[in-house]
Amino acid sequence: MQFTINGHAVEVEADVRTSLLDLLREQLGLSGTKKGCDQGACGACTVLVDGERINACLALAVQYQGRAITTIEGLADEQTLHPLQAAFVEHDGFQCGYCTPGQICSAIGMAHELERNVPSVVTADLTAQRIAFDHDEVRERMSGNLCRCGAYNGIVDAINATFGRASA
Amino acid sequence: MNAEQKPAPSQWQPGVTPDEVMHRHGMIGKPVSRLDGPLKVAGKARFAAEVPYEHLAHAALVHSSIARGRISELKTEAARAAPGVILVLTYQNMPRLQNPPLFGSAPKAVGASTLPVMQNEHITWNGQPVALVLAETHEQAEYAASLIEVRYDVLPAKTDFDAAKRQARAPDTILGEPPAIEIGDAEANLQAAAFKVDATYRTPRYNHNAIELHAATVAWQGDELTVHDATQMLNGTAWTIAQLFGIDEKNVRVLSPYVGGGFGGKALWDHQILAIAAARLAQRPVRIVLSRASVFRIVGGRTTTEQRVALGATQDGQLTALIHTGVAAMTPYNACPEQFSFPARHLYATQALKVAQQVADMDMMVNTFMRAPGESIGTFALESAIDELAGQMQLCPIELRRRIEPSKDPVSGLPFSSRHLLEAYQRGAERFGWDQRNPVPRSRRDGEWLIGMGVATATYPYYRMPGAAARIKLTNDGHLTVSIAAHEMGMGTATAQSQHVAERFGLPLEQVTFELGDTTLAAGSLAGGSSQTASIAAAVIAAGEQLIDQLLMLATGDSPLAGFKRDQVEAINGGLAVRGDTTRAETYAAILQRAGRTALQCEAPAPEPAELQHYSMHSFGAQFCEVKVSAITGEVRVTRFLGSFDTGRILNPKTAASQFRGGIVMGIGLALTEATEFDPRSGRIMNPSLAEYHVPVHLDVPEIDVMWTDIADPHSPIGARGIGEIGITGVGAAIANAVYNATGKRIRDLPITLDKLL
Ligand code: FES
Ligand code: FES
């Protein structure tokens, strides 16, 4: 099977049953993407496919050939951090760090969704020209990413510092 | 021996001399960002399931579907013939192992139970592993495991807590404390009291549910075993595995540099033991990653309890009776009685006290320690009852607590090492705006939402675990490395300890390295009981004294330090200086270079925790909460939260704030959404997934304010008492009390789900 991961073309033999998550972790050595449930309930496995966030554990790898897959390892080059990654460190948006790659990829996908004005369940005005980038919108949209360490305040602070319209 | 030849007194003697470093304000107290943060956010921190090996084989488990009985038939042929299968392990071909030495039965014993691990056909809980399949890939192992057929002879099982509690028994001890204490006649005082509360509180089973699944990557090389584990008990795991497999402890190396959340759950369970056995039989390195359902089935959680709290008070709010009794579900094979009566032993002044804990034996997965075992749910009951009493007396619940503040430990009579609970209440009340609370329930409303405020005491003991040592290496460029088999599950261990070490040895942070997570380092004690900071600090103090003695032995001749003894010098500016005369100083680099040494190394164990014999040592806090409850649906939302703590010195306010908040968030789950549901007929866990076991998510968590007194405890090393667990204590009661204030409904049965409010 052929994949494009973090801008690189890779070719790998894989079982058709293999999830995108296991392909990344077990076969490609990209263990930055995490497994917390393997059933779509925790968001630790979030990666970006053509810029949209998905749960890699619920995706069969075979279906994602030819799509642009971005993992936590591909957000910045070897030596630097993506601004959101740096903001997570600054705002202590994690403790154990296990949910963190998923939170970060998810937040990047979420910011795009807000940019595109995709509403959420807490969006009060569905006709608004621009959906507010506020505390409830961010928390609702990030609620698929569990953090058992409870670093939620720091995560939201890091997201606001990076993508909040005031800072943009 | 004359006076001159005696070793210099220790800078910190447990229970006697305070550690002077606790009052320094250089690196200690700075909000340093996590040193391992860049690795974690880049996905480069390697966890147990992520260690690469050539020819790695993958394991999958099959679990029993009955609670008690024996396996009558095992059909494994189809699994064995399935593609990629290397080995099917059952009790029939499992290597013979010793039974696990039970946690606490020996200094390094960490067995979760005394039950043999897949040694025979007997089943003792629903979910017990009955087979392990090893295959070339994860997918092949999972598929082959699904082909295994097991039949059972079923025996009657105790799977109903209400039935089991009728045969409850008193355990021998509750973690070394007596299971029951009576001072005066509490029952008689209760009967005679002007005000009284007497209520029963229930709490369910909970699971830690760290987001990292339990996993291990294990490999044998001859007789030497390497275990890449996710554990909060490195040395205990190595020793216990050695006993099980009958090998030398020195031949077992356990590594665990990063743990994806622990909370008490990252311990030695069957999966590591089975993977090690499989690796030995197959002669292949093995990786085992539990599914989330398997985590529920073979990793114990916090146990079910039923607690009675009864309080009697005089007209002016003095307690005449404090009764806290109850039953916790347990098994005959483990020793985790969930010490819910501990807070009542130390919190309040009372004329008469009665505490008594029993356990009800059940046929279930053994329960274990989970974040503030006992104190988290014990404070739910006790602090709900205090609120009920205050309500009855029409007294502010903070004022009631002021009136029952004890001057010494109510049970031992020892002085408190440092107790500033009332200050935490006062400062918290001001910041939270407690004076805005209307004491009349159901008196604030905003549309469909009923709004209420609640408060509760948080408390957790100070522990310092024996067994820790520290190794220090100082090189002639002035760099100092401390190595301990310590644990990082998100507490920021390396960061806070680097700050501590930098402060203690007068070095900038860049000149300090703190190594952890590997049993080849100096022995660490387990990361539990919020004890790690103090345990490490005591070991570093002990090793540091040796280091300074060695340095002074080298500082001879024309060294400005020549002839001085340890208690005459201090560590400052990258070296040692004569106390009171910093011009007589020499850097570490200069001392080593003059002596022609490239490095100095020393290792020393921490002294026994004698401070606990002199003082009653506990942390405290006041948890403030505002909730809104829908009058239509009964839905509860936590809208504001403030934790005001008194936990000794805070080493790093940034990581400490996260730890306090994390405890509070877990407390929100404990109060409102979490419960592991058992089918009482079969003992089967019915909700073994994160979709059906509801941990708090982003939208459930408001901005949580935290503050602390930062008053150093003069009797703990660096003045710190540990902060990992206190955050969850008191939260359940603060929320229940706020729900009562909002709705007038007193919920004594966790979690407070909407059905209970309609
Ligand atoms: S691992 Fe994919 S959602 Fe949990
Ligand atoms: S940082 Fe540990 S689970 Fe989020």
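Two strands count as paired if DSSP finds at least two bridges between them. Strands (E, at least two residues) and helices (H or I, at least four) are DSSP runs, numbered from the N terminus.

**Ground rules.** I'm working on a predicted model, where local features need pLDDT of at least 70, side-chain atom pairs count only at pLDDT 80 or more, and totals for chains, interfaces and linings use all residues. Residues are numbered from 1 along each chain as its sequence is written, chains are lettered from A and ligands numbered from 1 in the order in which they are written, and side-chain values use heavy atoms, with hydrogens and water left out.

**Entry: a sheet in chain B.** I looked up the strand order and got β21-β22-β23, an open sheet of three strands with antiparallel pairing. β21 (569-572) and β23 (581-587) sit at the edges with a single partner strand each, so one side of each has no neighbour in the sheet. The twist averages 35 degrees from one strand to the next. I then checked β22 (residues 575-578) against β23(B): the pair is antiparallel, over four bridges. B:G575 has B:T587 in β23(B) as its bridge partner.

**Entry: α17 on α18.** Next I took α17 (residues 653-672) and α18 (residues 731-743) of chain B, which pack at about 55 degrees with axes 8 Å apart. That makes α17(B) oblique to α18(B) (under 35 degrees is roughly parallel, over 145 roughly antiparallel, 65 to 115 roughly perpendicular, the rest oblique). Axes are lines fitted to C-alpha atoms, for helices over the stretch in contact, and angles run from 0 to 180 degrees between N-to-C directions. The crossing is right-handed, meaning the near helix is turned clockwise from the far one by less than a right angle.

Which residues of α17(B) meet α18(B)? I found B:I664, B:G667, B:I668, B:L670, B:A671 and B:L672, against B:V731, B:G732 and B:I735 in α18(B) (contact is heavy atoms within 4.5 Å). The residues divide into seven nonpolar, two polar and no charged; Gly counts as polar here.

**Entry: α10 on α18.** I also looked at α10 (residues 375-393) of chain B, which packs on α18(B) at about 35 degrees, axes 8 Å apart. This crossing is right-handed. B:T379, B:F380, B:E383, B:S384 and B:D387 meet B:G732, B:A733, B:A736, B:N737 and B:Y740 in α18(B). I noted four nonpolar, four polar and two charged residues in that contact.

**Entry: annotation.** UniProt (unreviewed entry) puts "domain: Aldehyde oxidase/xanthine dehydrogenase a/b hammerhead" at residues 42-156 of chain B. Over that stretch I read 12% helix and 30% strand, with end C-alpha atoms 52 Å apart.

Note on methods. UniProt positions are given in the numbering used here, feature names are shortened, and annotations may be inferred rather than shown by experiment.
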